[in-house]
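Work through the exercises below with the sequence and the model side by side. Try each task before reading its solution.

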Amino acid sequence: MAIVEVKVPQLSESVAEATLLTWKKKPGEAVAIDEILIEIETDKVVLEVPAPAAGVLSALVVGDGGTVVSDQLIAQIDTEGKAGAAAAPAAAAPAAAPVAAAAAPAATGGSKGDVAMPAAAKLLADNGLAVGDVAGSGKDGRVTKGDVLAAVAGGAKPAAAVPAPVAAPVPAAVAKPLPAVAAPAAQNLGDRPEQRVPMSRLRARIAERLIQSQSTNAILTTFNEVNMAPVMDMRKKFQDKFEKEHGIKLGFMSFFVKAAVAALKKYPILNASVDGNDIVYHGYFDIGIAVGSPRGLVVPIIRNADQMSFADIEKKIAEFGKKAKDGKLGLEDLSGGTFSISNGGTFGSMLSTPIINPPQSAILGVHATKDRAVVENGQVVVRPINYLAMSYDHRIIDGREAVLGLVTMKEALEDPARLLFDI
């Protein structure tokens with residue numbers, strides 16, 4: 001028997017621990033080298049753990065939902081084992097929890113369209129549903145958590161009874177009961193159903209940081225309105241040539257990023273942060289772009305945005321959007337940042353007061369552009385107007401710098417040619 005250990009990847013210094021989601025293999029099943037065995041959720045990203053060698057999964061040391069740290073042993077692979085054989089004892093494994101069989105039947109299937117995402121698989125099992133009972137709306141037809149919740153709310157019934165998971169054999173030497181964890185509970189209250197599910201690590205971290213931001217920053221928000229007609233005209237004029245030349249569409253976010261950088265250069269305090277009793281002025285411009293993902297809000301960072309072209313910015317935003325959708329954002333994508341932009345306008349928001357992303361000191365909120373009646377030269381005219389909101393930490397940023405910074409963004413957007421000449 002040749003045993004290869006499966007360990008937790010090295011986590012970021014800022015990530016103390018992580019949570020195992022759902023094992024994709026059971027003890028005794030064959031695995032191929034680099035096949036994904038399980039996903040590990042941190043408070044920032046989901047990491048995939050590939051098999052370090054081909055063979056048979058001989059033992060699971062930590063089960064679904066277990067809390068782990070960097071480099072911790074979580075499973076073993078017998079490179080000389082045969083699939084279907086009884087699970088071999090874990091050699092020299094540290095004391096750890098016994099493991100329930102990997103994913104419930106709902107989480108497995110023969111094709112991409114017959115697969116549930118990890119969070120969805122748990123909900124399927126909790127509600128006695130099979131993956132085939134729910135229509136998937138995710139990538140390649142995968143069943144998402146939202147699909148399951150919608151099916152449960154709609155009264156979906158299991159096609160057949162789902163057997164309870166069978167505990168995988170674990171040597172007595174390493175057997176130790178897992179702490180009791182309350183499973184998500186669905187209550188049938190007639191026409192007033194409820195369901196209790198635990199927060200993911202990311203959602204809990206988002207909640208923690210929002211509370212931290214509001215309790216440690218003196219947040220104030222200033223507003224202004226922007227006539228988006230010049231940007232819309234320029235975009236319409238060059239859209240086809242831009243896409244043909246660079247292979248990507250010219251969006252609005254690159255204009256907002258460029259306008260923000262112009263303001264940060266003019267008023268460096270907007271790009272600063274607080275460290276104890278010190279103000280740290282950053283000589284670079286790393287712009288965070290708030291992106292919605294199936295797991296929650298994430299803020300990947302466009303680094304050195306001042307050195308990037310419109311095409312570079314659009315490509316990076318598109319890359320982040322795809323990574324967020326597929327759950328592929330890495331820790332390096334989310335670390336740092338000196339200023340953030342949140343575009344609630346993509347969802348129809350007309351006005352908001354964005355919350356600062358610590359340790360940054362300011363954030364720009366962009367909203368939906370709508371035709372509005374405005375007065376120009378004593379005449380009422382219709383213009384496409386966008387309301388901008390900038391929240392800032394009043395501990396270090398005075399109203400003058402905040403208001404003038406937002407005015408700088410407004411002027412840049414209403415005369416976008418100046419962005420090309422850095423004026």
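Helices (H or I, at least four residues) and strands (E, at least two) are DSSP runs, numbered from the N terminus. Residues are numbered from 1 along each chain as its sequence is written. This is a predicted model, in which local features need pLDDT of at least 70 and side-chain atom pairs count only at pLDDT 80 or more, while totals for chains, interfaces and linings use all residues, and side-chain values use heavy atoms, with hydrogens and water left out.

**Exercise 1. The whole chain**

Find how many helices and strands the protein chain has, and what percentage of its residues count as buried.

Solution. Begin with the elements: the protein chain holds nine helices and 21 strands. Next, take burial, where buried means under 20% relative accessible area, exposed over 50%, and partly exposed in between (1.4 Å probe, protein chains only). Of the 423 residues of the chain, 42% count as buried. Finally, consider contacts, meaning heavy atoms within 4.5 Å: among those with a separation of 6 or more, 65% join residues 24 or more positions apart.

**Exercise 2. Helix H4**

Describe the span of H4, locate its bend, and list what covers its buried residues.

Solution. First, compare the span with the expected value, which is 1.5 Å times one less than the number of residues. Helix H4, residues 229-246, has 18 residues and reaches 24 Å from its first C-alpha to its last, close to the expected 26 Å. Second, look for the bend, which is the angle between axes fitted to the seven residues ending at a position and the seven starting there; in H4 this comes to about 55° at Phe238. Third, note that Ala229, Val231, Met234, Gln239 and Phe242 of H4 are buried. The cover over the buried residues of H4 includes strands S11 (219-227) and S21 (379-393), together with helices H5 (253-266), H6 (310-326), H8 (399-414) and H9 (417-421). Last, step past the end of the helix, where H4 is followed by Gly247, a residue with a positive phi near 75°.

**Exercise 3. Helix H5 and its partners**

Work out at what angles H5 packs against H8 and against H6, and which residues make each contact.

Solution. Start with H5 itself, which has 14 residues and reaches 20 Å from its first C-alpha to its last, close to the 20 Å expected. H5 is mostly covered, since 11 of its 14 residues are buried, including Phe255, Phe256 and Leu264.

Now turn to the packing, for which axes are lines fitted to C-alpha atoms, for helices over the stretch in contact, and angles run from 0 to 180 degrees between N-to-C directions. H5 and H8 pack at an angle of about 135°, with their axes 8 Å apart. H5 is therefore oblique to H8, because angles under 35 degrees count as roughly parallel, over 145 as roughly antiparallel, 65 to 115 as roughly perpendicular and the rest as oblique. From H5, the contact draws on Phe255, Phe256, Ala259, Ala260, Ala262, Ala263 and Lys266, and from H8 on Gly405, Thr408, Met409, Ala412 and Leu413.

For the other partner, H5 and H6 pack at an angle of about 115°, with their axes 9 Å apart. Here Met253, Ser254, Phe255, Val257 and Lys258 of H5 meet Phe310, Ile313, Glu314 and Ile317 of H6.

**Exercise 4. Backbone exceptions**

Identify which peptide bond is cis, and say where Asn304 and Asn377 are placed.

Solution. Keep the general rule in mind: most residues other than glycine have a negative phi, and most peptide bonds are trans. The bond from Pro358 to Pro359 is cis, with omega near 5°, and Pro359 sits in the loop between strand S18 (339-343) and strand S19 (362-366). Asn304, although not a glycine, has a positive phi of about 50°; this residue belongs to the loop between strand S17 (301-302) and H6, and is partly exposed, with a relative accessible area of 32%. Asn377, also not a glycine, has a positive phi of about 55°, lies in the loop between strand S20 (370-376) and S21, and is exposed at 81% relative accessible area.
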